[in-house]
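Biologist: I'm new to this one, so could you put it up and walk me through it?
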Amino acid sequence: MADLRTRYLGLELQSPLVASASPLTGSLDGLRKLEAAGAGAVVLPSLFEEELAEEGPRPGAGHGDQAGYGAGPAAYLSLLEQAKQTLSIPVVASLNGTSRGGWVRHAARLEQAGADALELNIYYVSSRPGLSGGEVEGNYLDVVREVRRAIGIPLAVKLSPYFSSLANLAGQLVEAGANGLVLFNRFYQPDIDIETMEVQPALELSSSAELRLPLRWIAILHRRWGISLAASTGVHTAEDVVKVLLAGADVAMMTSALLANGPDHLRPVELGLRDWMDRHRHERIEQLRGRLSQRSVPDPAAFERANYIKTLASRTPPSR
Ligand SMILES: Cc1cc2nc3c(=O)[nH]c(=O)nc-3n(C[C@H](O)[C@H](O)[C@H](O)COP(=O)(O)O)c2cc1C
């Protein structure tokens, strides 16, 4: 039987299937179900900078034993402590912020509450024409340095794909103290209701078609700087998991697939991964990881601009 063990952020995981931050990981019940279904690790929902700046939870925020999304730091720490007492898989806490400031000291509280690692999600939509890309990136690096200084546990930075030179930024994040990158966060794009003439928040789940973006960047960044890489966005099936491992990911993270199908969705995905490994005679994840990374393929340009014109030309219009 294939051995699914993997290392992520220096932690030993029994499986590369990780439940990324979502309402499912925001309750002890959800976390238990995810562990029972085979999650190798769980990432709690984010504690937001905005919650940490305020005194306690915002009115009406949070419900039941749901600790995330505005329930405040006390509920968050309590969930984290309970998760650590109850689960035997690693528990990653998550902070979401954009600026340097007092909120960063909460990172240390998450470490004290037992978090095995911290994921820092920097979710920043830059809309000021006067602010250069360099300044935005400088801000990211400042936040990472501050969080790094506050904790001793491994730190992963969760990024959006919207940078003009991602490989450069990734290297700088590593210098600033990141031990791993989560590629990628998904920005929720507001929609417009043309009847009510209102801007509406829109949250759509991903599909496997969105896997290509993390796939490319994991393949490009694999084995640089010796950091961990997590694939996030578009991992739904066992095939998706195999792809991101071949590209060089240490773990495959899932949120949309688990929200749509429930925690037990991890079971068929694990079975499918085992089946693929058996058919391809791989006994350990290490044997397949990065086999199709940019460094390993005969044509490294395939992950860059190459084949662009050919790909476009292959899309012929339907004949009538
Ligand atoms: C309802 C919902 C809540 C989420 N909450 C968080 C969060 O608190 N922190 C975070 O870093 N990412 C959060 N995410 C992003 C997911 O962790 C994940 O990165 C993203 O959905 C892309 O992965 P997927 O294609 O598997 O859904 C959330 C996503 C959804 C759909």
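Biologist: Which residues are buried in helix α6?
Modeller: In α6, which spans residues 166-176, the buried ones are Leu166, Leu169, Ala170, Gly171, Leu173, Val174 and Ala176, where buried means under 20% relative accessible area with a 1.4 Å probe and protein chains only. Helices here are DSSP runs of H or I with at least four residues, and strands are runs of E with at least two, numbered from the N terminus. Please keep in mind that this is a predicted model, in which local features need pLDDT of at least 70, side-chain atom pairs count only at pLDDT 80 or more, and totals for chains, interfaces and linings use all residues. Residues are numbered from 1 along each chain as its sequence is written, and side-chain values use heavy atoms, with hydrogens and water left out.
Biologist: What do those buried residues of α6 pack against?
Modeller: They pack against α5 (133-150), β7 (155-159), β8 (180-183) and α7, with contact meaning heavy atoms within 4.5 Å. Just after α6, Gly177 has a positive phi of about 125 degrees.
Biologist: Switching to the ligand, how many residues surround it?
Modeller: There are 20, and the closest are Ser46, Tyr69, Asn121, Ser206 and Ser256; a residue counts if one of its heavy atoms lies within 4 Å.
Biologist: And how far is Ser206 from a ligand oxygen?
Modeller: An N or O atom in the Ser206 side chain is 2.5 Å from an oxygen atom of the ligand, while a polar side-chain atom of Asn121 lies 2.6 Å from a ligand oxygen.

Conventions. Buried < 20%, exposed > 50% of the residue type's maximum accessible area, 1.4 Å probe, protein only. Polar contact = N/O pair within 3.5 Å; in protein donor to acceptor, adjacent residues only side chain to side chain.
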